Amino acid sequence: MLSTAQIKQFWTEGVVVVNAALNRDQLGPLCRQHQQWIDQSRQHLGPFGEMLDGRPRFDVEPVHCAERPALRRVSSPEEISKEYFDLVFERGPLIDAVVDLLGQNIRFHHAKLNSKLPNSGTVVKWHQDFPFDPHSNDDCVTAMLFLDDIDSEIGPARVVPGSHRGQLHSLWQDGVFTGAVADSVAADCERQAVECLGDAGSLCLMHTRTLHASSANLTDRTRSLFIATLTAADAVPLAPNAVPSIHAGRIAHGQEPGRIRSIELQVDTPEIPKGASFFSQQATLPKGDQ
Ligand SMILES: O=C(O)CCC(=O)C(=O)O
């Protein structure tokens, strides 16, 4: 699935965007399903539905209303949609790409659909994924499938190339788990940020340690990403899963390795959000700023 150059780019820069990984026919059912969830959200005033641990599956911005829906997250869509299940548990472009990066034995950790609807104001602050989902080793990939055309105006993911080879940053600020790095680190990231752009059907593969963020959608179009976290099967989670799923921990490709591989690392313990998703954590201010 991936060229040698793309694999090299992933390991040197911590990110690679693969154009036209899925064609329009493959994307159609995924987009239609997502639109149904957006339409469904119009009937609710706040987060709704339920995931495995009782928290809401569908998360909305505080400005959400029937006329202007602001659905920002569907957690574990693979539990409630065959189309999304197949993306991560059937051989296809997404799994093939992750196999090219991590080898034959791949384990599913979690998945979600993030969207930025027009006027929703949804932003994602700078963070690395690994401190949310620490594992015994860091052969973990965040695979982001573009359901829409993504340009600079629509709130694309922005990354700091090479940051996966640097330190793990804390997501705790002044004793509060904010799910975001310190302001000084974020300011550095802003200076080095590169946008991940592409047409619908593109696949952005990001290393779990790569610093990333995304700003608000300034257009009247919807920006949606299906995001799956997949790991080498010998990487074992070190913290509870903040996006629980009946499928978490299942082998997505290959076999159970029957071995745990660990690397030396230290990372702060993450916190499970009390709200529907990490957006509520990222909205929390450090104690000093409250
Ligand atoms: O939706 C985005 O732009 C990025 C999402 C992200 O970083 C996350 O959900 O961890």
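Q: Where is Ser 76 found?
A: In this predicted model, Ser 76 sits in the loop between E3 and H3.

Q: And is Ser 76 buried or exposed?
A: Ser 76 is buried, because 22 other C-beta atoms lie within 10 Å, and the cut-off for a buried residue is 20 or more.

Q: What about phi of Ser 76?
A: Phi of Ser 76 is near 50°, which is a positive value in a residue other than glycine. Most residues other than glycine have a negative phi.

Q: Which other residue has a phi near 50°?
A: Asp 174 has a phi near 50°, again a positive value in a residue other than glycine. The place of Asp 174 is the loop between strand E8 (172–173) and strand E9 (176–177), and Asp 174 counts as exposed because it has 12 C-beta neighbours inside 10 Å.

Q: Back to E3 then, how many residues of strand E3 are buried?
A: Five of the five residues of strand E3 (residues 71–75) are buried, so the strand is largely enclosed by the rest of the structure.

Q: What does E3 pair with?
A: Strand E2 (residues 58–60) pairs with E3 in the antiparallel sense over three bridges, and strand E4 (residues 106–116) also pairs with E3 in the antiparallel sense over three bridges. Val 74 in E3 stands opposite Phe 58, while in E4 the bridge partner of Val 74 is Leu 113.

Q: Changing topic, what surrounds the ligand?
A: The residues around the ligand are Asn 114, Val 124, Asp 129, Ala 157, His 212, Ser 214, Leu 225 and Ile 227. Strand E12 (212–214) and strand E13 (223–232) are the elements that give two or more residues to this shell.

Q: How does the shell around the ligand split by class?
A: By class, the shell around the ligand has four nonpolar residues, three polar residues and one charged residue.

Q: Which sheet has E12 in it?
A: E12 belongs to an open sheet of four strands, in the order E5-E12-E7-E10, where the pairing is antiparallel. The edge strands, each pairing on one side only, are strand E5 (124–127) and strand E10 (194–195).

Q: How many bridges are there between E5 and E12?
A: E5 and E12 pair over two bridges in the antiparallel sense, and His 127 stands opposite His 212 in E12.

Q: Now the core: which residues touch the most other members of the largest one?
A: The largest nonpolar core has 64 residues, and those that touch the most other members are Leu 94, Ala 97, Val 98, Ala 143, Leu 145, Leu 205 and Phe 226. Another core, of five residues, lies apart from that one, and among its members are Phe 132, Val 243, Phe 278 and Phe 279.

Q: What is Ala 97 in contact with?
A: Leaving aside neighbours within four places in sequence, Ala 97 is in contact with Met 1, Leu 2, Val 18, Ala 21, Ala 143, Leu 203 and Leu 205.

Q: How far apart are Glu 90 and His 253?
A: Glu 90 and His 253 are 163 residues apart in sequence and 8.1 Å apart in space, C-alpha to C-alpha. Glu 90 is in the loop between helix H3 (82–89) and helix H4 (93–102), and it counts as exposed because it has 12 C-beta neighbours inside 10 Å.

Terms used: Residues are numbered from 1 along each chain as its sequence is written. This is a predicted model: local features need pLDDT of at least 70, side-chain atom pairs count only at pLDDT 80 or more; totals for chains, interfaces and linings use all residues. A residue is near a molecule or strand if its C-beta atom, placed from the backbone, lies within 6 Å of it. Ala, Val, Leu, Ile, Met, Phe, Trp, Tyr, Cys and Pro count as nonpolar, Asp, Glu, Lys and Arg as charged, and the others, Gly among them, as polar. Two strands pair if DSSP finds at least two bridges between them. A nonpolar core is a set of buried Ala, Val, Leu, Ile, Met, Phe, Trp, Tyr and Cys residues joined through C-beta atoms within 7 Å. Two residues are in contact if their C-beta atoms, placed from the backbone, lie within 7 Å.
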